[in-house]
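I opened the model to go through its strands, its core and its rings. My notes follow in the order in which I looked things up.

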Amino acid sequence: IVGFLKTGSPMTVNADRPSTPTAAFVSISGSVTNAAGQGLANVRVSMADLNGSTRVSAITSSLGYYQFDNVATGTTYSMTPVSKRFTFTPQNVTPTDSIVGLDFAGTPIP
């Protein structure tokens, strides 16, 4: 509340401001490999929040690395690599700070 004085009676004006701080943003990165530890190129890594409102993906580099930037903290995400040649175990993460080394090892599809 901000008060102003004018001739006559005082006047009060309400000023709006954000009531909660904005979300912090971090990054999540790691690698996707085969069982022997060799990086897998061109694997799509999907990141989806558990309520289904956000879904983004990244493609691994020639050495199997991926990275997501501008990830909101305080939300739980399911991270899932997708490949026609390998299966992976999804991982759920709730970042409070940047995550480095969120790695996945694939099992060949017979």
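**Loop and backbone**

I began with Asn-42, which sits in the loop between β3 (25-33) and β4 (44-49). Helices (H or I, at least four residues) and strands (E, at least two) are DSSP runs, numbered from the N terminus. The model is predicted: local features need pLDDT of at least 70, side-chain atom pairs count only at pLDDT 80 or more, and totals for chains, interfaces and linings use all residues. Residues are numbered from 1 along each chain as its sequence is written, and side-chain values use heavy atoms, with hydrogens and water left out.

I checked the backbone of Asn-42 and found a positive phi of about 60°, although the residue is not a glycine. Asn-42 counts as exposed because its relative accessibility is 64%. The classes I used are buried under 20% relative accessible area, exposed over 50%, and partly exposed in between (1.4 Å probe, protein chains only).

I then looked at Asn-70, a residue other than glycine whose phi is also positive, near 60°. Asn-70 belongs to strand β6 (residues 65-72). With a relative accessible area of 62%, Asn-70 is exposed.

**Sheet**

I traced an open sheet of four strands, in the order β5-β4-β7-β9, with antiparallel pairing. Two strands pair if DSSP finds at least two bridges between them. β5 (55-59) and β9 (91-93) are the edge strands, each pairing on one side only. On average, neighbouring strands of this sheet are turned by 25° against each other, direction ignored. For that angle, axes are lines fitted to C-alpha atoms, for helices over the stretch in contact, and angles run from 0 to 180 degrees between N-to-C directions.

I counted six bridges between β4 and β7, in the antiparallel sense. Ala-48 stands opposite Ser-78 in β7. Strand β7 (residues 77-82) is joined to β9 by three bridges, also antiparallel. Tyr-77 has Val-93 in β9 as its bridge partner.

**Core**

Which residues touch the most other members of the largest nonpolar core? They are Ile-28, Val-32, Tyr-66, Phe-68 and Met-79, in a core of 19 residues. β3, β4, β6 and β7 each supply at least two residues of this core. The most comes from β6, which gives four residues. A nonpolar core here is a set of buried Ala, Val, Leu, Ile, Met, Phe, Trp, Tyr and Cys residues joined through side-chain atoms within 4.5 Å.

**Rings**

I searched the whole structure for aromatic pairs and found three. Rings of Phe, Tyr and Trp (its six-membered ring) pair if their centres lie within 6.5 Å; planes under 30 degrees apart count as stacked, over 60 as edge-to-face and the rest as tilted. The rings of Tyr-66 and Phe-104 have centres 6.4 Å apart and planes at 45°, so I noted the pair as tilted. This pair links distant parts of the chain, with Tyr-66 in strand β6 and Phe-104 in strand β11 (residues 104-105), 38 residues apart. Both Tyr-66 and Phe-104 are buried.

Phe-86 and Phe-88 form a tilted pair too, because their ring centres are 6.5 Å apart and their planes are at 40°. Phe-86 is buried at 11% relative accessible area, and Phe-88 is buried at 12%. Last, I noted that ring pairs link Tyr-66, Phe-68 and Phe-104 into a cluster.
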